[in-house]
Amino acid sequence: MSSSIEKKNNISRCGWVSPSNIALVKYWGKYDNQLPKNPSVSFTLSTAATTTYVTLGDAHNTGVAKISFTFDGKENKAFQTRLEKFLNQIGPEHLPFVIQYHLQIESSNSFPHSSGIASSASSMSALALCLCDVAYQMDGLEIYDDAFFRKVSILSRLGSGSACRSVFDSMAVWGKHDDISGSSDEYAVSVADEIHPVFKTFRNDILIISANEKSVSSSAGHQLMDGNPFAAARYAQANNRISTIMTALKHGDLQSFGKIIEDEALTLHALMMCSNPSYILMEEGSLSVIKKVKQFRAETKLPLYFTLDAGPNVHLLYPAEYETEISAFIFAELSQFCHDGRIIRDAVGNGPNKIL
Ligand code: DP6
């Protein structure tokens, strides 16, 4: 997808909503250029999403990104600097117009800013969608086909690794794996057709245990994997777990699915604890929730499982048919551990939407 100033096709503004995603087998450790050390698989979410509009301004042709950026209607210089760096990185090789035209970027999240939810997956994928859309329109292309979403996934990955999985319906795999045809380290692929219907409507309630900024960022965490003595074993384990979870997802095997996602959450946090320097991102509330979930499952035999990303918040996953019983348990027993009782009720979703 190339674009040049001469080809500007009267496009001025476009907008996309892109969701967050929750990893079931986690990406943790990377090579240069945002290439993962192991494959990962995630559910695409629905409610937690970023809305982004990009307006194409005048040509400046300086070869250096020039943007104005607002988040929730307000300027945000820190994020603007990060975006300019990203645009300068992708411009020369992928999308020349981003360093040839002034861009106005307006962004907002569906979830509160201070909710402790990682927003890089939804925000970088929403931006990549808008940028590829502009490029497609400049080239006179209007069909949002597989090639379009592949390009979006590559650019999203360059912005934030996990973002490359957000642009597909229901579920995506990122990283080369023998069992997944067409899989690649450079972009994610949809595996929506490989999953049992029970997972298409899976619920994902996000328990906000803390709204504080993380003491160690994901980027720093990935880097610490380089010196982690368990790194090689971890990457082999992640490969094996992809095979096992794909089989469970295909057959609707809730027990195997639940075991892997919980093991993955605890492995991720164990890797943090044995990094050098070691660190802990779970809070007391995270542990209390985990223990209560295990106890609830033992007593009721209902398929309620937890996972965590690189922070203290706990994602609770379960089939939609058990929503009444499980919601009652969550509000009675678990909301006490949440910051201001905050819970984001989410579910597996259909991927991004073009809104303009
Ligand atoms: C624990 O995608 O946020 O959520 O590529 O440095 O932006 P960068 O990292 P990021 O890492 C996500 C880590 C994770 C696991 C996952 O989503 O697979």
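Tutor: Taken over C-alpha atoms, the centres of domain 1 and domain 2 are separated by 25 Å. The chain is divided into domain 1 (4–195) and domain 2 (201–347), with bounds that come from an automatic or database domain assignment. To the contact, domain 1 contributes 35 residues and domain 2 contributes 44 residues, where contact means heavy atoms within 4.5 Å. This is a predicted model, in which local features need pLDDT of at least 70 and side-chain atom pairs count only at pLDDT 80 or more, while totals for chains, interfaces and linings use all residues. Residues are numbered from 1 along each chain as its sequence is written, and side-chain values use heavy atoms, with hydrogens and water left out.

The area buried between domain 1 and domain 2 is about 3100 Å², and carbon and sulfur atoms give 67% of it; buried area is the accessible area (1.4 Å probe) that two parts lose on being put together, summed over both. Of the area that domain 1 buries against domain 2, Leu 24, Lys 26 and Trp 28 supply 25%, more than any other three residues.

The ligand lies between the two domains, because domain 1 (4–195) and domain 2 (201–347) both give residues to the shell around it. That shell holds 17 residues, the closest being Tyr 27, Lys 30, Ser 160, Gly 161 and Ser 162; a residue is counted if one of its heavy atoms lies within 4 Å of the ligand. Helix H5 (residues 218–224) gives the most to the shell, with 3 residues; helices (H or I, at least four residues) and strands (E, at least two) are DSSP runs, numbered from the N terminus.

Among the polar contacts (pairs of N or O atoms within 3.5 Å), an N or O atom in the side chain of Lys 30 is 2.7 Å from an oxygen atom of the ligand. For a polar side-chain atom of His 222 the distance to a ligand oxygen is 3.0 Å, and for an N or O atom in the side chain of Gln 34 it is 3.3 Å. The protein buries 92% of the 460 Å² that the ligand exposes when taken alone, with accessible areas from the Shrake-Rupley method and a 1.4 Å probe.

Gln 34 sits in the loop between strand E2 (30–31) and strand E3 (35–36), and has a positive phi of about 60° although it is not a glycine.

Notes:
A polar contact is a pair of N or O atoms within 3.5 Å; within protein, one must be able to donate a hydrogen and the other to accept it, and residues adjacent in sequence count only if both atoms are side-chain atoms.
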